[in-house]
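Here is a quick tour of a protein chain, written to be read alongside the structure. Have the viewer open and follow along.

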Amino acid sequence: TNPNQIISTMETQVSNGPTSNSGLPNGPPLSANGAADDSKTNLIVNYLPQNMTQEEFKSLFGSIGEIESCKLVRDKITGQSLGYGFVNYVDPNDADKAINTLNGLKLQMKTIKVSYARPSSASIRDANLYVSGLPKSMSQKEMEQLFSQYGRIITSRILVDQVTGVSRGVGFIRFDKRIEAEEAIKGLNGQKPLGASEPITVKFANNPSQKTGQALLSHLYQTTARRYTGPLHHQTQRFRLDNLLNMAYGVKRFSPITIDSMTSLAGVNLTGASSGGWCIFVYNLSPEADESVLWQLFGPFGAVTNVKVIRDFATNKCKGFGFVTMTNYEEAAMAIASLNGYRLGDRILQVSFKTSKQHKP
DNA sequence: TATGATT
């Protein structure tokens with residue numbers, strides 16, 4: 001599938017109005033201008049982890065149902081993920097299911113947002129505003145009220161201190177149309193909100209990609225170093241350092257000593273290691289378990305490329321186990337250390353690297 | 001109940 005397909009389709013789709021039939025017996029519904037109507041199948045996914053790849057993205061959303069096309073949006077020049085993407089399902093029911101099961105999923109330090117995509121057009125681009133100098137007492141609702149006089153607000157957010165939860169006086173407002181955002185800048189930039197002592201600054205928000213290399217590394221350090229907050233021993237800390245260096249320099253720096261000592265101690269072959277990543281065996285899942293539970297369990301620990309619940313062919317119920325593939329050894333090891341013995345419902349999970357039993361004496 | 005593979 002051409003990855004540009006969604007974008008090019010959306011750019012020609014200027015209206016989300018009533019759909020008309022294509023005229024063919026089983027043809028897809030067409031909108032007024034003749035473009036395919038994706039309004040019930042096409043989703044936008046926001047707040048993806050920076051390091052999530054197109055393959056991981058497709059694997060995550062492909063676990064819901066058949067995908068017509070999907071695209072992780074990247075910076076044209078640097079190739080960096082912009083942290084959002086589009087998924088167009090074949091079946092509108094799967095799009096609905098994806099929203100219900102994957103919206104709010106925690107992946108690494110992010111909580112992803114899954115919603116129907118608005119039909120794209122030039123007029124809705126660059127409609128996101130950065131607002132600073134807000135009174136700390138101003139709520140999101142109050143900020144929306146201030147801006148709503150200039151147009152329809154699609155999303156809004158006020159950033160808060162991670163520790164205290166107090167407003168940082170900084171927020172974002174996304175309008176439906178760029179011209180509405182332009183009017184809001186004219187009307188509100190440098191103005192004092194009612195009762196405020198300081199004027200606010202209103203300007204167009206930067207693209208998430210427009211970070212310098214330094215800022216990117218700094219961000220990488222923060223997200224990596226803060227990822228796990230549980231008790232840590234020395235070896236774990238070294239894993240984290242290795243991982244940071246892996247990510248910063250884009251190379252694999254697995255420590256042969258560490259892996260050899262672990263494997264020989266365990267007395268088993270690790271077959272989790274392969275070009276596709278590290279395969280993890282998860283035991284004691286309930287018969288009702290599905291792929292989304294594995295994404296939810298393992299996603300917070302790092303890059304997950306694939307999950308699989310093993311089901312009985314006849315009943316389609318989970319046979320009590322599944323597999324998860326993770327890209328990075330350190331993250332896989334952390335997930336195993338954290339999730340082995342974890343209580344899921346009334347079951348205690350047993351989690352380990354997948355082992356080979358083929359050549360056991 | 002304990003290591004897949006309807007690709």
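Among the elements of chain A, which has the lowest mean pLDDT and which the highest? Helix 1 (residues 5–12) has the lowest, at 29, while strand 1 (residues 42–46) has the highest, at 97. Keep in mind that this is a predicted model. Chain A averages a pLDDT of 78, and 70% of the residues score at least 70.

Two stretches call for some care. Over residues 1–25 the pLDDT stays under 50, and the model has 46 contacts there beyond four places in sequence. Residues 209–268 are also below 50, with 69 contacts in the model beyond near neighbours in sequence. Where pLDDT is low, the predicted coordinates should not be read in detail.

## The chain overall

Chain A holds 10 helices and 17 strands. Of its 361 residues, 40% count as buried. The chain exposes about 20,100 Å², and carbon and sulfur atoms supply 52% of that area.

## The 2-3-1-6 sheet

Four strands make up an open, antiparallel sheet in the order 2-3-1-6. Strand 2 (67–74) and strand 6 are the edge strands, each pairing on one side only. On average, neighbouring strands here are turned by 20 degrees against each other, direction ignored.

Strand 2 pairs with strand 3 (residues 81–89) in the antiparallel sense, over six bridges.

## The 8-9-7-10 sheet

Another open sheet has four strands in the order 8-9-7-10, again with antiparallel pairing. Its edges are strand 8 (153–160) and strand 10 (201–204), each of which pairs on one side only.

One bridge to pick out is that of V131, whose partner in strand 9 is G171. Helix 4 (residues 140–147) packs on this sheet, touching strand 7, strand 8, strand 9 and strand 10, with its direction at about 135 degrees to that of strand 8. Helix 5 (residues 178–188) lies across strand 7, strand 9 and strand 10, and runs at about 155 degrees to strand 10.

## A closer look at D126

Where does D126 lie? This residue is in the loop between strand 6 (113–116) and strand 7 (128–132). Is D126 buried or exposed? D126 counts as exposed because its relative accessibility is 55%, and the cut-off for that label is over 50%.

Leaving out residues up to four places away in sequence, D126 touches R178 and F204. F175 is 49 residues from D126 in sequence, yet their C-alpha atoms are 9.1 Å apart in space.

How values were computed
Residues numbered from 1 in each chain as written. Chains lettered and ligands numbered in written order. Predicted model: local features only at pLDDT ≥ 70, side-chain atom pairs only at ≥ 80, totals over all residues. Heavy atoms only, no water. Helix = DSSP H or I, 4+ residues; strand = E, 2+ residues; numbered from the N terminus. Buried < 20%, exposed > 50% of the residue type's maximum accessible area, 1.4 Å probe, protein only. Contact = heavy atoms within 4.5 Å. pLDDT = per-residue confidence, 0-100. Pairing = 2+ DSSP bridges. Axes fitted to C-alpha atoms, helices over the stretch in contact; angles between N-to-C directions. Areas by Shrake-Rupley, 256 points an atom, 1.4 Å probe, with all protein chains shown as cover.
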